[in-house]
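Student: I have a structure open and would like to learn how to read it. Could we go through it feature by feature?

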Amino acid sequence: MFKNLRTSTKLFILCSMFIILVGVTTYGLVAEKQIAITFARKELVGNQYLTVLRGVYAAILTRRPRDEPAAQQSESADRILKALSRAESDLGGLLQTAELERALAATLRELWSSKVEDENTDTLILDALAKARNLALRIGDDSNLTLDPDLDTYYLQNIVVVMLPTFLDQIGEMQALVRAAAAAGMTAGEDRVRLLVLDGLLRSTADGIRSNLEAGYRGQADGSLKQALHRVYATMNETTDSYLARMRTSVADGASDGLDASAFASGYASVVGNAIDAWSTAQTELDRLLRQRISGLRGKLFYSLMLIGVLGSLSILVAVMTHRHIVRPLERLEGIARTVRETKNYNLRIDHHNNDEIGRLAVAFNGMLSELAAAREREMSEHSEAARVSRLTTMGAMTASIAHEINQPLAAIVANGNAGLRWLANASPDLDEVCASLKRIVSDGHRASQVIGSIRAMFKKDSQERADVSLNDLVHEVTALVQAEIQSRRVTLKTELLQELPPVVADRVQLRQVFLNLMVNAIEAMGSVTHRARLLRVKSEIHEPDGVLITVQDSGIGIGPTEMERIFDAFFTTKSDGMGMGLAICRSIIEAHGGRLWASPGTPHGSVFYFVLPSGRVSGK
Amino acid sequence: MMKQRSEAQSVVFVVDDDASMREALKSLFRSVGLHVEAFASGLEFLQSQRADVASCLVLDVRLPGLSGLDFQTELAKANVHIPIIFITGHGDIPMTVKAMKAGAIEFLTKPFRDQDMLDAVRLALERDCTRRQNDKATSDLKARFDTLTPREQEVMAFVTAGLMNKQIAAELGVREITVKVHRGNVTRKMGARSLADLVRMADLLGVRRSKA
């Protein structure tokens with residue numbers, strides 16, 4: 001089935017399949033990149049949520065309800081709660097955080113309500129911190145941050161999502177312990193142990209942050225991350241270390257008189273402040289890196305699409321060019337082959353000058369056409385020559401025969417006349433001899449007349465073989481006969497034949513002779529015409545009242561007025577090799593059929609021959 | 001007067017299938033006093049009894065059966081040396097050349113002028129007359145030559161070849177006096193008035209022998 005398809009269809013199929021392939025590939029690429037971009041966008045959302053949560057942490061850890069006036073305090077608490085609920089409504093849709101956020105918000109409201117008892121504050125703070133931490137972890141999980149694929153951002157998100165909340169949680173717990181110890185005025189052994197444990201935990205968390213940072217730095221090539229974070233984290237570590245060192249000293253030697261809470265307050269504030277700063281910086285960096293990644297992905301996607309588009313266009317261009325250079329020339333080739341077959345015009349050539357296979361095919365095709373044209377030319381010239389020779393031979397033989405038949409009595413008349421004259425010229429004329437000569441002359445005269453009569457009879461004899469003849473058919477028949485002459489002399493033949501032409505009763509062979517003569521004469525009359533078209537027009541029409549008119553017109557050299565009077569005379573010819581019998585015979589044939597044959601000069605050139613024949617059918621049929 | 005007499009004896013043969021032409025030619029030749037015999041075909045002519053007098057043949061090229069030209073060839077084969085005048089309705093050059101090469105006197109195209117025909121006939125008859133006289137002279141000579149003995153014929157051949165008596169004697173292995181006797185006999189029998197006369201006779205007879 002495939003082999004029967006047109007080449008252009010095949011090319012189209014090939015091209016379509018290629019385009020589909022490219023489309024599928026492109027779709028895969030775009031989808032993959034889109035997934036990565038969506039992934040990173042979700043991370044960005046998580047980071048944004050964490051920013052709000054950072055504010056919550058800062059508020060929980062730094063604002064003591066007692067430190068500020070109630071109005072201001074409730075205002076700032078409201079602002080933070082609003083920010084939290086807005087973040088949840090804006091961003092929480094993507095994350096499963098609603099429940100945790102509500103729990104945190106409830107705890108915060110309780111914490112910041114003016115009714116809260118002082119001794120319950122720390123418990124509430126710890127509760128809020130725990131809930132905030134849960135929220136942070138959930139945000140990390142749901143916003144894909146914990147699944148981050150890049151080294152730098154992975155470690156950074158670990159700091160942002162896990163480490164820093166844990167750190168702040170632990171700092172908050174430690175401060176609560178310190179405050180409780182200071183309020184009680186003593187340091188119970190249990191509290192001391194807990195402080196030391198917390199100290200260890202804090203150190204390990206800080207170490208975790210450090211090692212994560214180092215890993216993050218390693219994972220980032222251009223060092224911008226280290227530049228942005230190094231100072232801030234160094235400060236945080238420094239303050240944390242000094243705070244913890246002081247705490248350890250206090251726990252070690254101030255066992256009896258308890259801890260001085262106010263002495264720790266400034267250290268605690270700077271640790272929390274630095275940690276929040278570090279968190280903020282890390283988040284900014286994380287944001288920056290994520291956005292960088294997204295724009296990188298977008299850039300790659302755009303670049304890939306550009307490349308695919310260019311390559312696709314190129315391949316379509318190649319397909320179009322292939323179509324133009326293979327299919328189109330092939331179609332032209334086929335068209336010319338068909339035209340040649342239909343019109344028999346072997347002078348057509350395909351115009352294609354490439355050196356590819358098609359070009360060579362075109363050259364071979366043209367060569368073949370030339371061969372054909374030459375062969376045809378030879379065949380035609382042989383054919384026309386043969387027809388001409390046979391026509392001339394027939395005519396010559398016929399003329400010679402007629403000439404001999406008429407010459408014979410004429411010669412006898414002359415000889416007898418001479419003999420008679422001689423007898424008369426004698427001194428003693430022998431009138432008997434003269435008489436005999438004269439008698440023979442008379443009988444020879446009759447004989448000559450009989451010869452002519454028998455020639456006429458020869459034409460008339462054929463009248464018994466008359467039948468219905470369609471002149472249109474006859475025109476086609478004769479056109480086929482002179483086709484070779486027409487082609488070789490580059491004559492354009494135009495036939496205007498009336499379809500419903502009535503038949504004539506005639507001798508087909510004789511009428512064909514008339515057509516042949518008129519058409520060959522016309523063609524030969526145009527032989528020397530070079531500066532205008534050689535047009536042979538044959539027309540058939542009805543001639544009122546009940547005849548058929550045939551017109552044979554040429555654009556040849558025409559016939560002069562003096563010649564025009566004589567062209568139908570026997571032995572009159574304007575041709576160098578003519579015998580002057582053709583038109584005379586034509587006229588006698590037409591007249592024998594009860595018709596008329598005449599000629600007139602053509603307009604603007606050439607000459608026109610007309611003949612009229614009565615239409616009719618053979619009666620009794 | 002000689003000529004008139006010879007023409008009176010001579011006869012013109014006409015072969016033409018056209019009766020009227022035949023009659024016209026007969027009438028024409030009769031009007032100038034020539035004796036005429038006409039035939040419709042070559043065969044009739046051959047079968048006729050012809051007098052052994054000076055004659056010529058007026059022959060139509062286009063004849064039923066054997067054509068005029070073929071008939072000419074046939075006559076030559078049959079050793080009939082009659083001068084021929086061809087007449088034709090339509091003569092082309094190859095035909096004319098062929099006829100003239102085969103010894104035709106004239107080739108006339110119908111219709112011909114009567115004077116041309118008469119001139120041609122006169123020429124033909126004169127030729128025939130001359131030929132006949134030559135033939136006759138040669139046959140007289142031949143008769144006389146036949147009266148010679150074989151030895152005398154040999155001697156005549158040597159003599160006319162220009163050999164001296166002595167040489168002839170040596171050739172024949174006879175004595176010179178014998179040669180002289182033979183030579184005298186030859187000259188007498190042949191009726192030669194001189195050696196030159198004898199040489200001419202030998203030429204006509206074709207007996208001259210070249211030196212060995």
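Student: Where is Asn144(A) found?

Tutor: This is a predicted model, so what follows describes a prediction. Asn144(A) sits in the loop between helix H4 (118–142) and helix H5 (151–184) of chain A.

Student: What phi does Asn144(A) have?

Tutor: Start with the general idea. Most residues other than glycine have a negative phi. Asn144(A) is not a glycine, yet its phi is positive, about 70 degrees.

Student: Is Asn144(A) buried or exposed?

Tutor: A residue is buried if 20 or more other C-beta atoms lie within 10 Å of its own, and exposed if 12 or fewer do. Asn144(A) has 20 C-beta neighbours inside 10 Å, so it counts as buried. Now take Asn79(B), which has a positive phi of about 60 degrees although it is not a glycine. Asn79(B) lies in the loop between helix H4 (68–77) and S4 of chain B. With 6 C-beta neighbours inside 10 Å, Asn79(B) counts as exposed.

Student: Which residues does a cis peptide bond join in chain B?

Tutor: Again the general idea comes before the case. Most peptide bonds are trans. A cis bond joins Lys110(B) and Pro111(B), with omega about -5 degrees. Pro111(B) belongs to the loop between S5 and H6 of chain B. In chain A, a cis bond joins Thr603(A) and Pro604(A), where omega is about -5 degrees. Pro604(A) is in the loop between S6 and S7 of chain A.

Student: How many bridges join strand S6 (residues 596–601) of chain A to S7(A)?

Tutor: To read a strand pair, look for the bridges and the direction. Here 6 bridges join the two strands, which run antiparallel.

Student: In what order do the 5 strands of the open sheet in chain B come?

Tutor: The order is S2-S1-S3-S4-S5, and the pairing is parallel. Strand S2 (35–39) and strand S5 (106–109) of chain B are the edges, each pairing on one side only. Inside the sheet, strand S3 (residues 55–60) and strand S4 (residues 84–88) of chain B pair over 4 bridges, with Leu57(B) opposite Ile84(B).

Student: At what angle do helix H11 (residues 471–481) and helix H13 (residues 508–525) of chain A cross?

Tutor: For two helices, compare their axes. These come within 10 Å and cross at roughly 50 degrees. H11(A) and H13(A) are therefore oblique to each other, and their crossing is right-handed. Among the residues that make the contact are Leu474(A) and Val478(A) of H11(A), and Phe515(A) and Leu516(A) of H13(A). The residues of this contact divide into 8 nonpolar, no polar and 2 charged.

Conventions
Residues numbered from 1 in each chain as written. Chains lettered and ligands numbered in written order. Predicted model: local features only at pLDDT ≥ 70, side-chain atom pairs only at ≥ 80, totals over all residues. Pairing = 2+ DSSP bridges. Axes fitted to C-alpha atoms, helices over the stretch in contact; angles between N-to-C directions. Parallel < 35°, antiparallel > 145°, perpendicular 65-115°, else oblique. Left-handed = near helix turned anticlockwise from the far one by under 90°. Contact = placed C-beta atoms within 7 Å. Nonpolar A, V, L, I, M, F, W, Y, C, P; charged D, E, K, R; others polar.
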